[in-house]
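Here are a few notes to read alongside the structure. Keep the 3D view open and find each piece as you go.

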Amino acid sequence: MRNGMSLVVAVSTFVIGLGFISTACAQENPQPKSLPPNLLSEPHPFGVHDMVRMERVGTPLPSPNGKWIVFSVRAWDAEANKASTNLWLVSTDGGAPRQLTSAKYKSDNSPAWSPDSHTVAFISNRSGSSQIWTIATDGGEASQLTTFPVDAENFRWSPTGSFLAFSAEVYPDADMKTTAERDKAKADNPVKATKFNRLFIRHWDAWEDGKRSHIFVLPVKEDKSKGWQTAGEPRDLMKGIDADCPTKP
C-alpha cells in the first residue's frame, strides 16, 4: 500500500510539473493570434483564416489534342460560409487561365475531355444530385446530360466518344430506379433500427447499407444544334455482383 501511494504521489508531481513547464513555455513563446479578415492583406504569421481562404486546385487534365488543360478550383466564401468548386481552362502555350464554369455554392468537378477536345464533361450537384454535365470549351452555358435517380461518380469518356462509363451506388439485385425507391422507403420509415447478419457492418465512418458501387455504360451522341445527348439507357456491367468497383479504400 505504501508503494502504491508513493507511485500516485510521483505521477501527480510529474503531471503538475509538466503543467508548470507548459505554462512557462506558453508565456515565453505566445502563439500568434489569428487576424480579423479585414487585416489579412497585411504581413502576418500564417493562420487559420489563411488556411480556409486558400483556393484549392484539383488535378490538371490535358486535352487529347494537347492544346488545353482543365482543372478545378475550390474557393470558400467567408461571408456565406459556403464553398464553390468550378472548372478553369488554361492553354498549354502559357496563356492566362480563364474560368470555364461559374456555379455558385455548388461543386463542378472530375472533368473529362471529349475525343475532339471541344467539350468538357464533368460531375456537378447543381440539380441537387451528382449528375454528368457538359460545356463547350469556347464558352456558353453548361448543359445537364444525365438525370439519374442516384448519384453518378468516377466517369470516363470512351476514346471514340460513343460511350460514357461511370460508377453508381446500387443494390446488387436492383437497377438505379429500384435503388432510389428502396432508399426513399427506408428514409420515410420511422423505424431507423438496422439488423446486420454478416460482416462487415461499417466501412471507416459509414455504416454498410447493402449497396455496391457498380460500373455503368451510357451511350451518347453529339447533336450539332443541341450538343451532347444521351443515346440510350445506362447498362449495369456488374448486374447481380455483390462487389464494389472501384474498390473502396
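1. Let's start with a sheet. Four strands line up in the order β6-β7-β8-β9, and their pairing is antiparallel. The sheet is open, with β6 (108-113) and β9 (143-144) as its edge strands, each pairing on one side only. Keep in mind that you're looking at a predicted model.

2. Now zoom in on one pair of that sheet. Strand β7 covers residues 119-124, and four bridges join β7 to β6 in the antiparallel sense.

3. What sits at the start of α3? There, D175 has a side-chain oxygen that comes to within 3.4 Å of the backbone nitrogen of K177.

4. Time to zoom out. Across the chain you can count three helices and 16 strands. As for contacts with a separation of 6 or more, 38% of them link residues 24 or more positions apart.

5. How much of the chain counts as buried? The figure is 27% of the 249 residues, taking buried as under 20% relative accessible area. The accessible surface of the chain is about 16,500 Å², and carbon and sulfur atoms make up 57% of that surface.

How values were computed: Residues numbered from 1 in each chain as written. Predicted model: local features only at pLDDT ≥ 70, side-chain atom pairs only at ≥ 80, totals over all residues. Heavy atoms only, no water. Pairing = 2+ DSSP bridges. Helix = DSSP H or I, 4+ residues; strand = E, 2+ residues; numbered from the N terminus. Polar contact = N/O pair within 3.5 Å; in protein donor to acceptor, adjacent residues only side chain to side chain. Buried < 20%, exposed > 50% of the residue type's maximum accessible area, 1.4 Å probe, protein only. Contact = heavy atoms within 4.5 Å. Areas by Shrake-Rupley, 256 points an atom, 1.4 Å probe, with all protein chains shown as cover.
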